[in-house]
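Here's a quick briefing to read alongside the sequence and the 3D view. Have a look at the model, then go through the notes below.

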Amino acid sequence: MLRINQIKIPVKEILCKNCSVEQELLIQKANRILKGYSFEFIRISKKSIDARDKKNLMYSYSIDIKSKDESLILKRIHNNNIMSTKDVSYQFPFKNSSQSTLRPVIVGAGPAGYFCALYLARNGYRPIVIERGKKVEERMVDVNDFWNSIEKINPNSNVSFGEGGAGTFSDGKLNTGIKDPHGRIEAVLKDFVSFGANKEILYLNKPHIGTDILCKVMKHMRDEIISNGGDIRFSTQFTDYHIDDNHIISIVLKNSSEEYVIKSNALILALGHSARDTFRMLASHKLSMEPKAFAVGLRIEHSREIIDIGQYGKNDIIDKLPAADYKMTYRSSEGRSVYSFCMCPGGFVVNASSNYNQSVVNGMSNHARNEKNSNSAIVVNVTPEDFKYEGFDMSDPLAGMYFQEKYEALAYKEGKGNIPIQLFDDYENGRLSTQFGMMKPNIKGAYTFGNLKNCLPHYVNNAIIEGIHAYAKKLSEFDHKDAVLSGIESRTSSPIRIHRNEQFMSDTIGIFPCGEGAGYAGGITSAAVDGIKVAEAVAQYMIKQETDNE
């Protein structure tokens, strides 16, 4: 198979005609590039918008083709954009043929936990998934009731806890910086499509699913896990575990009616980054873990029009283009890394708190990304040295978690129980906002004006202000005085890392840390891929256990 990169077609030629024109134009382009060699057009491998020339927006493609003359093409056509490629199809390596009564237990029904369960279930391991929250359709009711101030927050059913994990109420972004030559990333994307995601995620440069579709995807994924022998126990919390000779032997679970114990020799900790009571329990067992760096900051909202014009320019097709995104990075004068995180074009800011007396925000978009505002988090790196500066013990693996709790409580206090918000000009100058300017917030959850400088350390505030001004040099009006800030964004990644070895196992034999909460992923796709890797390790371990016991 050959891959041809950097095929450019004017956006207007695609948008202003019917859908079939895209394939016709790509075939024409490929014919010219291949100089008469015959080929079979296979698929679009990658598609993005090249907006460097605002007066001439281009779609940029990579396409994969087959030709009986591939070797001749590579030899005779001197073009660095033509290369040989292989279509890697992932295959799970360990089928289970035993009838063991012990089943692997997976704690957490987020992307890591569900993909771990999916691949174990498909291959005969009958996993048990433990999820403290509810199935997604019930979770949506609880979340909306909280956002609409009908009910107080449910500590076990909210934006962080429940089927699908924190990623369900997000933009559903699937782009990732990880590399996986074994085809797991493509396997994850194909699974998402089979469960109801749009096929475009297989080739878009920055694919996303959207919260509205993710909710349906999670239900279909649940159905397949169960149909393949898996067991999913909602509203059930992992509260403790027992070991013998440093081997996991049983897990303690609690639901609304009872606490009970199940025997297992494999425990997968696919925790979310907000599972603080579980982190405390694991620390009490002296499970090997450490505090890790993460980032904290604020959400910033602009009108979608400002971001779209800034990225695409003013033109007569802007209303037909997808809501524009951006990615910003900056190094502050104090050496802090400042960057945009979880950018949500045409989306909402949402109250993402997971318990009482805390204010946490996140971003969310539906698939259409057609809301009036675009938002992202502007966050600043914090490290264990910062936790020490704040008075927390660096030797305590939960120091970063305590850091989060401190500032989330301050944000809750500043907002008087609601999300504190402030216009950028007022934030920079330390004034309390009293009214909105040309931009109005698009927020799920109650909010009130507050001074966001009271919600974060001074070094984070200083870096955010510097960064926003720096970004305006690249994206016009990014530092608009009326841009709406809200706080705080504190759950960018887990504040801890649970140690694991090359077999993906912790220092307690049979415990497998997995995914974002355990410190090994940074988004939906990377968490899902880590879930598959851990499923492989668990399967191999369980086969060995069976063999050793024979």
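**Around D180**

D180 sits in the loop between helix 5 and helix 6; helices (H or I, at least four residues) and strands (E, at least two) are DSSP runs, numbered from the N terminus. This is a predicted model: local features need pLDDT of at least 70, side-chain atom pairs count only at pLDDT 80 or more, and totals for chains, interfaces and linings use all residues. Residues are numbered from 1 along each chain as its sequence is written, and side-chain values use heavy atoms, with hydrogens and water left out.

- With a relative accessible area of 13%, D180 is buried (under 20%; exposed is over 50%, partly exposed in between, 1.4 Å probe, protein chains only).
- Leaving aside residues up to four places away in sequence, D180 touches I185, V529 and K533 (contact means heavy atoms within 4.5 Å).
- D180 and S526 lie 346 residues apart in sequence, yet 9.9 Å apart in space, C-alpha to C-alpha.

**Helix 5**

- The buried residues here are V136, R139, D142, V143 and W147.
- Down the axis of helix 5, they fall within an arc of 135°, so they line one face of the helix (the arc is that of the directions from the helix axis to the C-beta atoms).
- Those buried residues pack against helix 7 (211-227), strand 16 (348-351), strand 17 (361-364) and strand 20 (443-444).
- After helix 5 comes S149, with a positive phi near 60°.
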